[in-house]
Amino acid sequence: MCEFCLKHAEGKKWYMQAENYSEDLLSDLRRRNFIAEFFANPERLARDFEGLEKLDKAPGFIKAIIRRIITRKMKKDHFGQVVPVEEIEQIFGFVNSIVRVACVCRHVTLGEEKRYCYGISMGPDGGKMSEILRGLDGSFIGGPDAEGLEAVSKDEAISAFRDHEREGLCHTVWTFRAPFIGGICNCDRADCLAMRATVTHDIPIMFRAEYVAEIDPDRCVGCRQCMRVCQFGAITYSASHEKAVIDQRQCYGCGICRSVCSQDAIRLEERTGVPVAAGLW
Ligand code: SF4
Ligand code: SF4
């Protein structure tokens with residue numbers, strides 16, 4: 001169990017707890033203001049990211065201190081976790097509304113609207129989260145008529161996530177001041193700022209999944225399709241054995257490799273049950 005499970009869910013999976021999607025948490029004015037500022041000012045994210053590029057050139061001890069500060073701050077404000085598709089489907093099963101929106105990261109990195117992000121709520125019609133977004137006059141996401149918010153049914157959302165899985169995108173849940181979970185995104189390392197910060201710049205702003213992948217060598221035929229889709233560099237190929245091998249210390253447990261394996265050779269195991277990966281978040 002990750003730190004958030006212990007802190008926010010009494011040892012259960014924190015992102016499966018409906019109270020973390022509660023409308024009550026949106027009565028907190030600071031949280032509402034944080035959400036409004038986050039979506040109203042995506043250019044700030046671009047500046048923050050430029051700062052990360054500069055940080056890479058700083059002396060090691062300064063980098064280590066600043067990394068810790070950023071991670072601690074993000075755990076309070078906007079932190080994520082990788083979640084496999086079957087648990088995303090379970091979340092969609094118990095929330096009361098789902099709204100698809102343009103991805104703020106792709107807005108910043110590509111300058112394009114890509115609808116890879118899903119707001120979830122225990123309230124109807126997108127709940128108070130949608131109210132906040134509708135109030136963002138001039139934001140890339142909504143505007144006064146909120147035309148950027150697109151209500152989708154549970155079936156539509158599940159079908160879209162199966163498509164995102166086939167696209168090789170990694171599913172992640174996100175807080176807006178923890179433990180409130182406002183959204184689920186579909187990330188890749190090229191365009192997603194959180195993944196780039198975490199994986200490329202070694203500044204964790206999302207946890208790994210509660211799972212880790214394992215290959216059954218008796219089933220693997222060495223086609224290497226799994227290697228092609230792993231965004232975390234966790235899979236290598238053994239020429240001697242003609243099989244793929246997962247380095248479970250690198251694995252984020254997204255399960256994307258599993259979905260492309262035609263031999264059904266990959267499964268996800270509980271991270272806590274895999275000694276080499278148990279303490280790695
Ligand atoms: S996709 Fe499956 S069969 Fe192909 S190399 Fe990976 S584990 Fe082996
Ligand atoms: S090995 Fe599979 S489950 Fe692990 S990070 Fe790579 S694609 Fe995701």
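1. Buried here means under 20% relative accessible area, exposed over 50% and partly exposed in between (1.4 Å probe, protein chains only), while strands (E, at least two residues) and helices (H or I, at least four) are DSSP runs numbered from the N terminus. The model is predicted, with local features needing pLDDT of at least 70 and side-chain atom pairs counting only at pLDDT 80 or more, whereas totals for chains, interfaces and linings use all residues. Side-chain values rest on heavy atoms, without hydrogens and water, residues are numbered from 1 along each chain, and chains are lettered from A and ligands numbered from 1 as written.

2. Strand 10 runs antiparallel to strand 9 (residues 235-238), joined by 4 bridges, where pairing requires at least two DSSP bridges. Ile246 is the bridge partner of Ile235, and the hairpin leaves 4 residues between the two strands, with Glu242 in the turn at a positive phi of about 55°.

3. Ile235 also belongs to the surroundings of ligand 2, which include Cys230, Cys251, Cys254 and Cys257, a residue being near if one of its heavy atoms lies within 4 Å.

4. Aromatic rings of Phe, Tyr and Trp (its six-membered ring) pair if their centres lie within 6.5 Å, with planes under 30 degrees apart stacked, over 60 edge-to-face and the rest tilted; the count is 15 pairs. Phe4 and Phe79 form a tilted pair, 5.7 Å centre to centre with 50° between the planes, and link parts of the chain 75 residues apart. Both are buried.
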